[in-house]
Amino acid sequence: MRPGSPPDWSYHLYSVHVIRFEKVTKTYPGPGAPALDGVTVDIEKGEFVFLVGASGSGKSTALRLVLREARPTSGRVYVAGKEINRLAGWKVPRLRRQIGTVFQDFRLLQNKNVSENVAFALQVIGKSRSEIRQVVPETLELVGLSGKGDRLPDELSGGEQQRVAIARAFVNRPMILIADEPTGNLDPTSSVEVMKLLERINQTGTTVLMATHDSGVVDHMRKRVVELDGGRLVRDQVEGGYGAAG
Ligand SMILES: Nc1ncnc2c1ncn2[C@@H]1O[C@H](COP(=O)(O)OP(=O)(O)OP(=O)(O)O)[C@@H](O)[C@H]1O
């Protein structure tokens, strides 16, 4: 360090993982093996990570732990450097505000139009009407739905509905975007569009964590692949494919 220059904190900043699982085990009540079993994994800011594995391998459980919709039986889950199991209940909404979510079944409000669906995400966190009026059209443009703000969800294709859901998840510029099987109900062309959009969102700095069974998408994207099998982490591969050999 040159004399007089400020200390270099960048190492410390960059070393904070956006998501960290430390020996996380999750057991649901009742008989059966743990849904997650001693999982340790770090995800850094700006990464794009696929979470793959057979049905029942623990993918959704892992995502629910990040949102604190479920809590680990043992081990620790950190989001942005904080151990979220120790967050006071009143701080949980603030945590979730930093995490956009997208699901296979879109989960749009059927009685609200496209603009209203996206605006609603900002209303519930107390954004001003003028900000909402500015940001919603910008976000609809980003997802390629500029002309469709007045449509109701059932007047859109599945791919368009998912793009509305992505706009709603991203309109608040969250630190993390969690997507659980976002292409599960889509045809291949719409899936490609949705993946291009998630990639663009990732390029703005948002960390993307996506659980999927869609081997075509994973093989095409060549991103980091984390694989679960019976709740155990069995693969963590840079630029991986859907299968271990991929
Ligand atoms: N609320 C719950 N209560 C009891 N068991 C649960 C609960 N949620 C999940 N499980 C069990 O935990 C294990 C992991 O389930 P999880 O939903 O996390 O897997 P998944 O990989 O997301 O599966 P899928 O791809 O089918 O969504 C499964 O054995 C499942 O039956």
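## Domains

Domain bounds here come from an automatic or database domain assignment. On that basis, the protein chain splits into domain 1 (15–98 + 174–246) and domain 2 (109–173). Keep in mind that this is a predicted model: local features need pLDDT of at least 70, side-chain atom pairs count only at pLDDT 80 or more, and totals for chains, interfaces and linings use all residues. Residues are numbered from 1 along each chain as its sequence is written.

The C-alpha centres of domain 1 and domain 2 are 24 Å apart. Where they touch, domain 1 puts in 11 residues and domain 2 puts in 12 residues; contact is called when two C-beta atoms, placed from the backbone, lie within 7 Å. On the domain 1 side, helix α7 (residues 188–203) supplies the largest share, five residues. That side of domain 1 divides into seven nonpolar, two polar and two charged residues. In this scheme Ala, Val, Leu, Ile, Met, Phe, Trp, Tyr, Cys and Pro are nonpolar, Asp, Glu, Lys and Arg are charged, and the others, Gly among them, are polar. Helices (H or I, at least four residues) and strands (E, at least two) are DSSP runs, numbered from the N terminus.

## Around the ligand

Which residues surround the ligand? They are Tyr-28, Ala-35, Gly-53, Ser-55, Gly-56, Ser-57, Gly-58, Lys-59, Ser-60 and Thr-61. A residue is near a molecule if its C-beta atom, placed from the backbone, lies within 6 Å of it. By type, the shell around the ligand has two nonpolar residues, seven polar and one charged.

## The antiparallel sheet

Four strands make an open sheet, in the order β2-β1-β4-β5, with antiparallel pairing. Two strands pair if DSSP finds at least two bridges between them. At the edges sit β2 (36–43) and β5 (82–83), each pairing on one side only. Strand β4 (residues 74–79) is joined to β5 by two bridges, and Val-79 has Lys-82 in β5 as its bridge partner.

Helix α2 (residues 59–66) lies across β1 (19–26), β2 and β4, and runs at about 120° to β1. Such angles run from 0 to 180 degrees between N-to-C directions, with axes as lines fitted to C-alpha atoms, for helices over the stretch in contact.

How many residues of β8 (residues 207–211) are buried? Five of its five are, so the strand is mostly covered, with buried meaning 20 or more other C-beta atoms within 10 Å of a residue's own, exposed 12 or fewer, partly exposed in between, and C-beta atoms placed from the backbone. Thr-207, Leu-209 and Ala-211 point one way from β8, while Val-208 and Met-210 point the other way.

Strand β8 pairs in the parallel sense with β3 (residues 48–52) over four bridges, and Leu-51 stands opposite Ala-211. Strand β7 (residues 176–180) also pairs with β8 in the parallel sense, over five bridges, with Ile-176 opposite Thr-207.

## Two positive phi angles

Most residues other than glycine have a negative phi. Ala-80 isn't a glycine, yet has a positive phi of about 50°. You'll find Ala-80 in the loop between β4 and β5, and it counts as partly exposed because it has 17 C-beta neighbours inside 10 Å.

Arg-222 is another non-glycine residue with a positive phi, near 55°. Arg-222 sits in the loop between α8 (215–221) and β9 (224–229). Why does Arg-222 count as partly exposed? Because it has 13 C-beta neighbours inside 10 Å.
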